[in-house]
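The structure is shown first.

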Amino acid sequence: MSLFDRLVAASLPLVPKPVVRWAATPYIAGERLDDCVRVVRQMNGEGCMGAVSILGEFVARREEAEAAVSEYEQVLAAIARERLDATIHVKLTHFGLKLDAAFCYENMRRLLRRAQELGNFVRIDMEDSSCTDDTLALYQRLSEEFDNVGTVIQAYLRRTLADARSLARTRANLRLCKGIYVEPRAIAYVDRTIVQRNFKRILEELLGSGGYVAIATHDELLVWEAFQVIERLKLDPTRYEFQMLLGVEAPLRRIIRDAGHRLRVAVPFGPEWYPYSIRRLRRNPAIAGHVLRALLKK
C-alpha cells in the first residue's frame, strides 16, 4: 500500500460529497428501497442471490433502533411482494446493542418473527471486537427460538477458530469472512498470509461439521482453496454459498457462478451512504487511491 493511498484515505473527510457519491456508486444500490429492489432484481437476473442491508450502525436513541426494525420489515415485505431471491443482514448496533442488550434482543425477536412469517432469513453481521461476545451470545440465544437466523465470524481474530469449533457443534449457520475492522495485534492477526491460512483452516472445520456456511471473500486464492475443500468433501451446493460485495470483483463473481456454485451479493442501500462510504474507503486506502487517480484522469 503506497504512501499516496494512505494520504488519500486520511483526507477523505475533506472530500466534497458529490465526489464521494461518485466513488461509492458501484458499491451502494442507492438511497431508497426502490433502488434496492432494482439492483436485487438485476443480481437475480445474473444468477446471483441478494443480501439486503440498510446502511446504519451505532444508533444513539431507542427511537432510531425501532425505526430501523420497521424499515427492515418494509424490506422483507418488498422482497416477498416482488418475489426476489434475497435475504437480509443487520448490524446489532443499528438495533440498539450499545444502548441496551435486552432492548436489542427484543428488536431482533420482532424482526425474526416477521421474517419467519414471510419465509425469509436474517443474518446478524459481526462488527468490531467490542461487539463480538455480545453478538455471539445474542445469536445463540435467538437460535434456540428461531431457525431462520445466522451470524458471522472473522478469520483475522485470534479467537475465531475456537469460536468456530464451539458454534459448529450446534451446526450454526455462519458466514466466514476475513474481517475489516482495525484491531490490536493482541487479538487479531495482521499478516495477510496468516489470515488466509486461518480462513482455510476455519472453513474446513465448518464445512466438515454439517452446518451451512457462507464463504465471503474476494480473495481468489481463498476461493480456490474453498473449491478444493468442497470437492474433497463432495458437498452438495445446498450446503454452502459464496458471498461478495456489490461492485467488487464482478469477473470473479461470474467465475464462481459459472462453476456451479451458489453466490449471494450484498446490496446495501439507504440515506446513510455518506458516512458508510467514508468508513469503507478509509478501511481500504488502496481503493481510495485508485478512485482519486481515476477522478484526476477525468
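Thr132 has a relative accessible area of 4% in this predicted model, and since buried means under 20%, Thr132 is buried. The residue belongs to helix H6, which spans residues 132-143. When neighbours within four places in sequence are left aside, the contacts of Thr132 are Met126, Leu157 and Arg159.

A helix pair comes next. Helix H8 covers residues 192-207 and helix H9 covers residues 220-233; their axes come within 10 Å and cross at roughly 25 degrees. Angles under 35 degrees count as roughly parallel, and H8 and H9 are therefore roughly parallel to each other. The crossing of H8 past H9 is right-handed. On the H8 side the contact is made by Gln196, Phe199, Lys200, Leu203, Glu204 and Leu207. H9 contributes Leu221, Leu222, Glu225, Ala226, Val229, Ile230, Arg232 and Leu233. By class, the contact of H8 with H9 has nine nonpolar residues, one polar residue and four charged residues.

The totals for the protein are as follows.

| Property of the protein | Value |
|---|---|
| Residues counted as buried | 50% of the 298 residues |

The protein has 12 helices and eight strands; H6, where Thr132 lies, is one of the helices.

Technical notes
Residues numbered from 1 in each chain as written. Predicted model: local features only at pLDDT ≥ 70, side-chain atom pairs only at ≥ 80, totals over all residues. Heavy atoms only, no water. Helix = DSSP H or I, 4+ residues; strand = E, 2+ residues; numbered from the N terminus. Buried < 20%, exposed > 50% of the residue type's maximum accessible area, 1.4 Å probe, protein only. Contact = heavy atoms within 4.5 Å. Axes fitted to C-alpha atoms, helices over the stretch in contact; angles between N-to-C directions. Parallel < 35°, antiparallel > 145°, perpendicular 65-115°, else oblique. Left-handed = near helix turned anticlockwise from the far one by under 90°. Nonpolar A, V, L, I, M, F, W, Y, C, P; charged D, E, K, R; others polar.
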